[in-house]
Amino acid sequence: MKKTKKTFTKHFGIKQQEPIEFINIPLDEDLLAFICPFLIANNRDDSFVNEIYEQLESFLKKLNRSFIMKNDKSNGLLFLSHLHEPNEYHLGYSSSNKGKAMAKEKSETVFDSLNNNQFAKQGLSITNEAHNVLLLVEGIGQDIMSDIISNVCRNVFGKFTEEQCAKHSIKTYPTPVEYYDVATEKWSMRKYNLPEYKGQRIILIPKKIVSNSRAYSSLYNWFMSSNYIAVELMKRKNSIDNKMIVKLKDGTRKAIIKEINRVYKKPKNELIDFVLRYNGSLEQFLAYAKKHYPALNLNNIRE
């Protein structure tokens with residue numbers, strides 16, 4: 001018989017039929033899921049989520065303007081050194097290989113990735129939004145972005161956790177929490193009342209902003225092939241290709257998106273070309289993502 005996971009709701013006595021607003025994480029391992037900046041950008045009507053969005057934007061502005069544009073790597077790495085492994089969330093890849101060494105490696109990756117991006121180097125506001133960084137900056141994938149959000153907005157998640165624990169009558173303990181302070185533009189510390197499991201504190205995440213693994217660069221490529229490139233090809237006179245544009249028996253032409261995507265898709269580090277060529281495509285993709293890439297559904301997790 002398959003061993004069931006000990007989840008947060010089961011351990012703390014929340015009934016299965018009782019609705020919850022947070023991701024019901026397993027407590028003895030990490031859930032392969034990530035905090036998603038696209039879901040954050042598309043759920044700003046929620047006050048908690050909007051606070052996360054604005055805090056992230058402030059953090060990225062500070063990082064880009066004060067360190068990336070000035071190529072100030074030493075101080076940039078010092079600023080990024082606060083990105084520790086967010087073990088309290090129980091999200092992401094395996095808990096092995098976590099620690100200070102990983103934090104240093106992650107800081108290097110984030111700085112170098114932004115430093116090699118032409119939008120960030122030019123100070124364009126496009127890289128002040130986390131979902132655009134995830135989509136367009138080579139080297140910053142969903143796991144790293146999720147960890148950035150976890151660290152930068154730990155105060156918002158701490159406050160959310162406090163409210164959820166009070167709502168479900170869960171015992172908590174005062175815990176110092178480090179986060180990025182928008183007012184001071186520095187890292188700060190504040191205590192929040194957090195639950196505990198096996199001596200380790202836990203922070204909860206709103207389930208509306210958590211997704212499974214998604215390759216947004218591939219999704220954006222497909223979106224561009226379907227909504228921009230195919231339209232361009234179809235408008236060309238006599239643009240009948242035996243693979244990309246085919247002529248049907250009734251004389252009409254049809255775009256073969258799979259083939260168009262194969263020919264025109266770009267690696268992540270070249271997606272900027274699409275952004276520059278097709279004005280408004282990023283905004284259109286964000287709206288498309290809201291409809292087609294919803295949050296992770298964990299309502300049926302085994303307990």
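Contact, in this talk, means heavy atoms within 4.5 Å. Helices (H or I, at least four residues) and strands (E, at least two) are DSSP runs, numbered from the N terminus.

What you see above is a predicted model, in which local features need pLDDT of at least 70 and side-chain atom pairs count only at pLDDT 80 or more, while totals for chains, interfaces and linings use all residues. Residues are numbered from 1 along each chain as its sequence is written, and side-chain values use heavy atoms, with hydrogens and water left out.

I will start with the whole chain. The protein has 303 residues, and 50% of them count as buried. Buried means under 20% relative accessible area, exposed means over 50%, and partly exposed is in between, with a 1.4 Å probe and protein chains only. There are 13 helices and 8 strands. The C-alpha trace spans about 70 × 55 × 35 Å along its principal axes. If we take contacts between residues at least 6 apart in sequence, 71% of them join residues at least 24 apart.

The protein exposes about 15,700 Å², and carbon and sulfur atoms supply 48% of that area. Accessible areas come from the Shrake-Rupley method with a 1.4 Å probe; for residues, only the protein chains shown count as cover. On charge, there are 46 positive and 34 negative side chains, and the centres of the two sets lie 5 Å apart. Lys and Arg count as positive and Asp and Glu as negative, with His and the chain ends not counted. Each charge is placed at NZ of Lys, CZ of Arg, CG of Asp or CD of Glu.

Now the core. A nonpolar core is a set of buried Ala, Val, Leu, Ile, Met, Phe, Trp, Tyr and Cys residues joined through side-chain atoms within 4.5 Å. Which members of the largest core touch the most other members? They are F8, F59, L63, F157 and Y220, out of 92 residues. Helix α3 gives this core its largest share, 10 residues.

F157 takes us to helix α9, where F157 is one of the buried residues. Others buried in α9 include R154, V156, F160 and C165. The buried residues of this helix pack against β1 (34–35), α3 (47–68), α8 (142–152), β2 and β3 (186–194). Not counting residues up to four places away in sequence, F157 touches a list that includes I35, I52, Y89, I149 and I209.

How does the length of α9 compare with what 14 residues should span? The expected span is 1.5 Å times one less than the number of residues. That gives 20 Å for α9, and its end C-alpha atoms are 20 Å apart, so the two agree. Just after α9, S169 takes a positive phi of about 55°. S169 sits in the loop between α9 (154–167) and β2 (173–181), and is exposed because its relative accessible area is 68%.

H90 also has a positive phi, near 60°, and is a residue other than glycine. Is H90 buried or exposed? H90 counts as buried, because its relative accessibility is 12%. Its place is the loop between α4 (73–80) and α5 (100–115). S81 is in the loop between α4 and α5 too, and counts as partly exposed because its relative accessibility is 31%.

Next, a pair in contact. Y53 belongs to helix α3 and H131 to helix α7, residues 130–136. Y53 is buried at 10% relative accessible area, and H131 is buried at 4%. Leaving aside neighbours within four places in sequence, Y53 is in contact with I40, A41, R44, E129 and H131.

Then helix α11, residues 257–264, in which I257, E259, I260 and N261 are buried. What covers those buried residues includes α10 (216–235) and β8 (253–255).

I will end with some distances between C-alpha atoms. S81 and I260 are 179 residues apart along the chain and separated by 43 Å. For Y53 and W222, 169 residues apart, the separation is 26 Å. D30 and K61, 31 residues apart, are separated by 31 Å. D30 itself lies in the loop between α1 (8–11) and β1, and is buried, with a relative accessible area of 16%.
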